[in-house]
Amino acid sequence: MLPESKSHGPLVERIAGWSARHRMTAIIGWFALVIVSVLVGTVLGLDSAHSTDPGESGRADRVLDAQTSYVPLQENVLVQPLEDGSRLAVNPQVRGAIKDLTTRLRQVPGAVAQLRSPLEPHGADLISEDGRSGLVNIQIAGPSEQFRDHRAAIESTVKEVAARHPDVRLAQAGDASLSAAVNDGIKDDMKWAEFLSLPLTVVILLVVFGSLIAVGIPLLLAITTVLGAFGLLQVVAHWVPVNSATSSVVLLIGIAVSIDYSLFYLRREREERVAGRSVTEAIKITSRTSGHVVLVSGLTVMLCLSGLLLTGLDNFQGLTAGAILVVGLAMIGSVTVLPALLALLGHRVDKARIPWLGRRRTAAGESRFWTAVARAVVRRPRLWGGLAALVLVVLTLPAFQMRLQDAAVTDSLSREVPVVDAAIRMQEAFPGSPLPAWVVMWEKRAGALDAPRVLQAVKELHPISTARVDRIMVARVPLADFGTGEVANRSLEELRAVKAPAALGSLEGVDYAVSGKTAFAYDFTKQITRRSTLVIGFVLAFALVLLAVSFRSLAVALVSILLNLLSLGAAYGVLTWVFQEGHLSAALGFTPYGGVIGWLPLFMFAILFGLSMDYHIFILSRIRERQAAGASVRQAVVTGIGASSGVVTSAAVIMTAAFSVFLALSAIEYKMMGVGLSVAILIDATLVRGVLLPAAITLLGERLGSAGPARRPAAGVSAPEVARTSSDLPM
């Protein structure tokens with residue numbers, strides 16, 4: 001039994017000591033917290049906050065949200081011959097298919113609000129320039145609660161007509177079908193991510209620990225942490241918009257940090273027990289050392305992630321809230337329930353070993369490989385540090401050509417998806433028609449949209465369709481491209497700056513804004529670009545202060561930030577080289593579109609700057625322990641790297657595996673995220689922490705040890721022990 005005496009040490013040590021003494025209370029309390037978190041969102045039944053788009057798109061979005069009536073969504077059906085290249089005017093098969101389709105659609109009860117056909121008067125704009133293809137434009141009727149049924153009835157009718165006309169292609173794409181394809185793709189991807197991530201993590205943990213009981217501890221913390229975060233996120237979603245990507249990010253970050261923190265604890269606790277200390281003393285030392293690292297790392301990650309709130313983008317609010325929640329819960333669990341579990345299990349944590357699986361990564365011994373690397377680096381720090389920095393700079397070079405551009409649906413999803421193929425064919429025949437821009441007009445005074453001049457002004461925009469709802473009117477105007485590339489952006493800029501003002505600017509009592517998929521991506525990227533400096537400055541400033549306070553050394557804090565920036569720059573360069581330039585496209589299963597997702601670099605900056613601090617703080621803490629015990633800087637660097645690199649390598653492998661799951665998903669956005677995060681973690685845990693960090697600390701010399709007041713050696717690390725471990729170093 002652990003003694004009941006109260007600890008008067010640091011806060012983390014006191015919390016861990018209480019948990020170890022009251023182990024069952026701590027364990028039951030943790031599970032109660034998780035259960036309450038899971039149930040609270042369901043019990044309260046709170047509505048979810050709605051996301052508002054940035055810029056001019058946001059103005060239109062707010063106007064549309066203010067309407068109580070249903071705004072019809074638009075679908076298009078491309079009709080063209082499969083083989084015969086004759087013009088629509090003289091092609092009986094195509095004309096027959098169009099007539100059949102329009103007749104059947106009008107017979108579907110209440111499903112179609114408005115329909116335009118190329119065979120009817122004023123339908124010339126629905127015939128392609130080459131005259132071979134026709135476009136049937138459909139507005140899906142409401143109300144909102146019947147939209148799904150109406151959409152399904154329309155899609156079913158299109159399929160039935162297509163089956164009766166085998167010589168004619170009928171391909172449907174539009175607002176509803178393309179959005180559904182994206183949502184279905186996300187759902188399928190998330191299922192794959194959930195299916196692959198946990199089993200892969202279990203396998204790696206088995207290799208790392210070689211013990212079923214030891215594996216169960218990080219898994220238990222990870223699963224309960226993620227479940228609790230999901231539950232609390234339902235409550236937060238009442239005030240903060242949460243998008244579809246949040247759940248996957250919360251899942252993978254939760255698994256990564258929970259296992260990282262568990263590894264830090266388990267490695268140190270096992271190390272102290274192997275050194276001959278009791279379970280009680282081992283937990284006490286672990287909470288004072290690794291527990292402190294977990295606390296500082298967790299706070300750093302949360303502060304870095306909070307910088308994303310400065311973008312002013314709703315899409316980042318839910319993402320940030322979810323990530324902060326899961327990291328915070330993982331941190332709380334690590335300093336409460338982990339010590340309780342270790343105290344409860346004692347030496348039994350090493351039981352149920354699996355033969356032939358590596359135990360040495362979490363055993364008490366040093367890593368021979370990284371000790372040898374560190375020994376070579378400290379002998380010639382300028383040479384090895386310079387070579388490592390040069391490699392990172394070379395990897396960074398492609399990032400200077402990075403072009404931020406969101407992926408259109410046809411860039412993100414495979415053409416094997418029928419609606420994506422339909423959209424591509426539709427774009428070729430009718431540029432911009434799959435997802436046209438929305439010109440939203442609203443009345444500043446009652447009745448302004450009823451003026452005869454309004455309809456004439458709208459016709460000057462050449463819309464494919466118009467809809468009048470309450471005090472607004474929506475005109476769907478095709479752009480030169482429905483995607484998010486330069487052609488689409490130039491066409492959008494022309495519509496906003498020239499065409500719309502010329503047609504609508506003189507209307508009295510009417511205001512307007514241009515939105516749509518292209519406009520949203522354009523405004524989002526502009527907002528990201530404007531706010532990036534503020535976010536980066538915030539993250540760097542807080543990281544600098546936190547590191548300087550933690551290590552009582554401004555030099556160490558500055559070097560730490562520089563190393564993180566080098567690691568991030570290299571990851572950006574690899575991301576640009578792979579996806580923007582299209583290298584490895586066949587191996588990774590994507591088609592390059594000449595850009596990188598607009599939100600990803602800033603997201604990577606915030607999350608990786610925080611996550612990489614886990615390893616950095618862990619390694620620096622071990623080096624400081626050795627130096628406080630009487631070792632020279634070079635001795636402390638070699639022994640600190642050797643003692644900590646095993647757990648860092650294991651944690652990096654697990655985190656990389658978790659992020660690599662994204663590579664198996666279909667959407668190019670997730671593939672980019674997987675490559676970017678995985679490469680950054682690998683670079684950070686190997687080249688940066690294994691070579692650059694020991695080189696930098698060696699060059700800093702005694703500044704590491706002289707920073708701040710003198711500190712007593714951490715329990716478990718004595719000067720003779722360090723001297724014995726380091727006696728063979730040729731300093």
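Mentor: Start with leucine 64. What makes leucine 64 count as buried or exposed?

Trainee: Its relative accessibility is 18%. Buried means under 20% relative accessible area, exposed over 50%, and partly exposed in between, with a 1.4 Å probe and protein chains only. So leucine 64 counts as buried.

Mentor: Good. Keep the ground rules in mind: this is a predicted model, where local features need pLDDT of at least 70, side-chain atom pairs count only at pLDDT 80 or more, and totals for chains, interfaces and linings use all residues. Residues are numbered from 1 along each chain as its sequence is written, and side-chain values use heavy atoms, with hydrogens and water left out.

Trainee: Which residues are in contact with leucine 64, leaving aside neighbours within four places in sequence?

Mentor: Val71, Trp438, Val440, Ile472 and Val474. Contact means heavy atoms within 4.5 Å. Take valine 440: it sits 376 residues from leucine 64 in sequence, yet the C-alpha atoms are 8.1 Å apart in space.

Trainee: Where is leucine 64 found?

Mentor: In helix α3, residues 55-65. Helices (H or I, at least four residues) and strands (E, at least two) are DSSP runs, numbered from the N terminus. Ser57, Gly58, Ala60, Asp61 and Val63 are among the other buried residues of α3. The buried residues of α3 pack against β5 (437-443), β7 (472-477), α16 (486-504), β8 (510-515) and α17 (517-551).

Trainee: Which residues of α5 are buried?

Mentor: Phe147, His150, Ile154, Thr157, Val158 and Val161. Seen down the axis of α5, they fall within an arc of 100°, so they line one face of the helix. The arc is that of the directions from the helix axis to the C-beta atoms. The face turned away carries the exposed residues Arg148, Asp149, Lys159 and Ala163.

Trainee: Why is the pair of arginine 164 and aspartate 100 called a salt bridge?

Mentor: The rule asks for a side-chain nitrogen of Lys or Arg within 4 Å of a carboxyl oxygen of Asp or Glu. Here the closest N and O atoms are 3.1 Å apart, so the pair qualifies. Arginine 164 lies in α5 and aspartate 100 in helix α4 (residues 92-107), 64 residues apart.

Trainee: Arginine 104 and glutamate 160 also form a salt bridge, again with closest N and O atoms 3.1 Å apart. What makes this pair a tie between parts of the chain?

Mentor: Arginine 104 lies in α4 and glutamate 160 in α5, so the pair ties together parts that are 56 residues apart in sequence. Arginine 104 is partly exposed at 26%. Glutamate 160, at 34%, counts as partly exposed too.

Trainee: And aspartate 684 with arginine 689?

Mentor: They form a salt bridge with closest N and O atoms 2.6 Å apart. Aspartate 684 is buried, and so is arginine 689.

Trainee: How many salt bridges does the rule count?

Mentor: The count comes to 26.
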